[in-house]
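I record each look-up in turn.

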Amino acid sequence: MEEKLEQVSLTSLFQEDETAHLLQSWERYVEEVEEIIGYKFKNSNLLYQAFTHSSFQQNCCDSYERLEYVGDSVLNLLIAKEHYFLHPDLPPGKLTRLRAANVDTEKLARVAVKYDFHKYLRHKKPLLKGQVEEFRDATLEYPLHSTGLIDPPKVVEGLLQPLITPTNLETHPVTKFYEVCQKNGWRVELVDKWEETGEIEVFVDGKFVGKGKFSGKKLIALNRAAHNAYCQIVKNLSVEATSDNSGL
């Protein structure tokens, strides 16, 4: 009986020490995050909740999901207001695209990774570290935004600078591809091999013009296929124009 009581006592002491260590670490994290964002929280529990993923099974704090619900709405409003007054001559359609590009998951993930916010996230997702590194490497190829060509980790979100502006806002690859095909009266055919190989192939007027591959998400594979097909079409048109000029 005494041995059991001693074991319980030692376990309790260990848990108390571990809890105290975690609290000390989090107090340091709070200071670091506040320094990064330039804001001092009156209620640090909000920050604690904001960095707690639902996979972190502890009863001490709710996950960030309810805050995310409010934050998405506030963020959309602030960005909409910023663009409305910053670009008075921009039509509603372009304003909508501009806002979407500045508040989507990829944009928020880019800035969060830039400031290393993911290292403060309390979670139990063993694959997250690898996903973040893969995403960080992919952003090197697309410095501002990939317009749907890479897949960001959903749990990584943060500050918004630099903002995407009308000057550097790119058209979505699928839109660009279909626009050029429609303009030239070309017939488009997509061959879906995603279930087998993670690929989608694109044919224009019966000719293969490109493919996209991403096993993790079919939409990304489609976006990459459209992007690669569009680049190939532009290249072909350029070669044809050069040949015509040479013939003259």
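This is a predicted model: local features need pLDDT of at least 70, side-chain atom pairs count only at pLDDT 80 or more; totals for chains, interfaces and linings use all residues.

My search of the whole structure returned eight aromatic pairs. One of them joins Y39 to F41 in an edge-to-face arrangement, with 5.1 Å from centre to centre and 90° between the planes.

I next examined F51 and Y120. Their ring centres lie 6.1 Å apart and their planes meet at 85°, so I logged this pair as edge-to-face, the cut-off being over 60 degrees. The pair links distant parts of the chain, 69 residues apart. I located F51 in the loop between α2 (44-50) and α3 (65-86), and Y120 in the loop between α5 (105-114) and α6 (128-139). Both F51 and Y120 are buried. I also noted that F51 and Y120 belong to one aromatic cluster together with Y29, Y115 and F117.

Entry 2, the sheet. I traced an open sheet of three strands, ordered β1-β2-β3, with antiparallel pairing. Its edge strands are β1 (188-193) and β3 (207-213), each of which pairs on one side only. From one strand to the next, I recorded an average twist of 20°. For the antiparallel pairing of β2 (residues 199-204) with β3, I noted six bridges. I looked up V204 and found its bridge partner in β3 to be K207.

Finally, I turned to helix α7 (residues 173-184), which packs on the sheet and touches β1 and β2. The direction of α7 makes about 145° with that of β1.

Technical notes: Residues are numbered from 1 along each chain as its sequence is written. Side-chain values use heavy atoms; hydrogens and water are left out. Rings of Phe, Tyr and Trp (its six-membered ring) pair if their centres lie within 6.5 Å; planes under 30 degrees apart count as stacked, over 60 as edge-to-face and the rest as tilted. Helices (H or I, at least four residues) and strands (E, at least two) are DSSP runs, numbered from the N terminus. Buried means under 20% relative accessible area, exposed over 50%, partly exposed in between (1.4 Å probe, protein chains only). Two strands pair if DSSP finds at least two bridges between them. Axes are lines fitted to C-alpha atoms, for helices over the stretch in contact, and angles run from 0 to 180 degrees between N-to-C directions. Contact means heavy atoms within 4.5 Å.
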